[in-house]
Amino acid sequence: MNPDAHASAVATETAAFVALVKGADLSTPVPSCPDWTLADLTRHVGSVHRWFAALLRQRVQQAPAGRDVDLRLPERSEDYPDWLAGSAAEAAEVFAAMDPDAPMWAWGVDQHARFWIRRMLCETLVHRADAEHALGLTPHIDRELAVDGVDEFLTNLPFATPFAPRTAELRAPDRTIRFSCTDADASGEGDGGGDWLIHLRPDGFGPVPADAAPRTADATVRGTAADLLLLLYGRLDRDSDAFELLGDRDLLAHWFAHSAF
């Protein structure tokens with residue numbers, strides 16, 4: 001997916017989120033985000049939009065010292081859905097005025113403005129699923145978005161130590177974990193694509209380029225792209241029927257114990 005597709009999907013996912021929470025009881029607990037209500041979840045997503053938009057507007061070249069952004073948060077929580085829609089509109093204006101290939105600081109591997117558009121999409125998409133779960137609905141996640149989200153997560157996780165310190169313990173003596181999609185792409189052809197091999201080394205971890213990845217891995221997790229995305233974000237249990245687990249279960253336990261985002 002390219003930055004234009006990411007920006008378009010941010011708008012679509014936010015509109016779906018707003019439609020979910022508008023008129024809902026915002027005091028409803030969100031089980032996948034302990035101690036949060038729908039009001040907290042909505043406030044978080046809108047705050048992310050406004051903070052990322054501020055970073056993009058300034059095209060920051062180094063890590064900001066804080067998150068001092070005027071959120072213009074409404075006093076009444078029932079006004080949060082409309083405020084979230086406004087947050088997305090503000091972000092869309094910034095997207096339209098910027099060069100996604102412009103160099104700028106990012107906490108992940110891609111040091112360009114486009115990093116933040118993609119990151120905003122992942123935040124919005126996963127939290128839209130959180131809202132649906134809270135309301136007793138089964139989330140549907142477009143396969144292309146899910147594949148892109150899995151890739152974004154696994155690509156950037158090695159750089160997440162500042163806010164996910166347990167990732168620093170994702171070390172092993174040359175062990176590999178494969179995450180593999182079982183659902184087909186839009187053409188319905190092939191085995192569905194979407195395959196990532198993660199190499200855990202004594203000094204760190206990271207994805208193996210597709211053209212260098214061996215066919216076998218020490219452990220493998222197979223599931224649909226949407227389920228893999230929710231699994232990586234801790235929204236699904238790897239021992240559920242949604243997944244096929246192969247190989248070294250201890251290695252998988254090590255991964256999931258230290259990869260919380």
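Modeller: Contact means that heavy atoms lie within 4.5 Å, and in that sense Gln-61 touches Pro-103, Met-104 and Trp-105, not counting residues up to four places away in sequence. This is a predicted model, in which local features need pLDDT of at least 70 and side-chain atom pairs count only at pLDDT 80 or more, while totals for chains, interfaces and linings use all residues. Residues are numbered from 1 along each chain as its sequence is written, and side-chain values use heavy atoms, with hydrogens and water left out.

Biologist: Why is Gln-61 called exposed?

Modeller: Exposed means over 50% relative accessible area, buried means under 20%, and partly exposed is in between (1.4 Å probe, protein chains only). Gln-61 has a relative accessible area of 52%, so it is exposed.

Biologist: What makes the pair formed by the side chain of Gln-61 and the backbone oxygen of Pro-103 a polar contact?

Modeller: A polar contact is a pair of N or O atoms within 3.5 Å; within protein, one must be able to donate a hydrogen and the other to accept it, and residues adjacent in sequence count only if both atoms are side-chain atoms. The backbone oxygen of Pro-103 lies 3.1 Å from a polar atom of the Gln-61 side chain, and the backbone oxygen of Arg-59 lies 2.8 Å from a polar atom of that side chain, so both distances are within 3.5 Å.

Biologist: How far apart are the C-alpha atoms of Gln-61 and Trp-105?

Modeller: They are separated by 4.6 Å, although the two residues are 44 residues apart along the chain.
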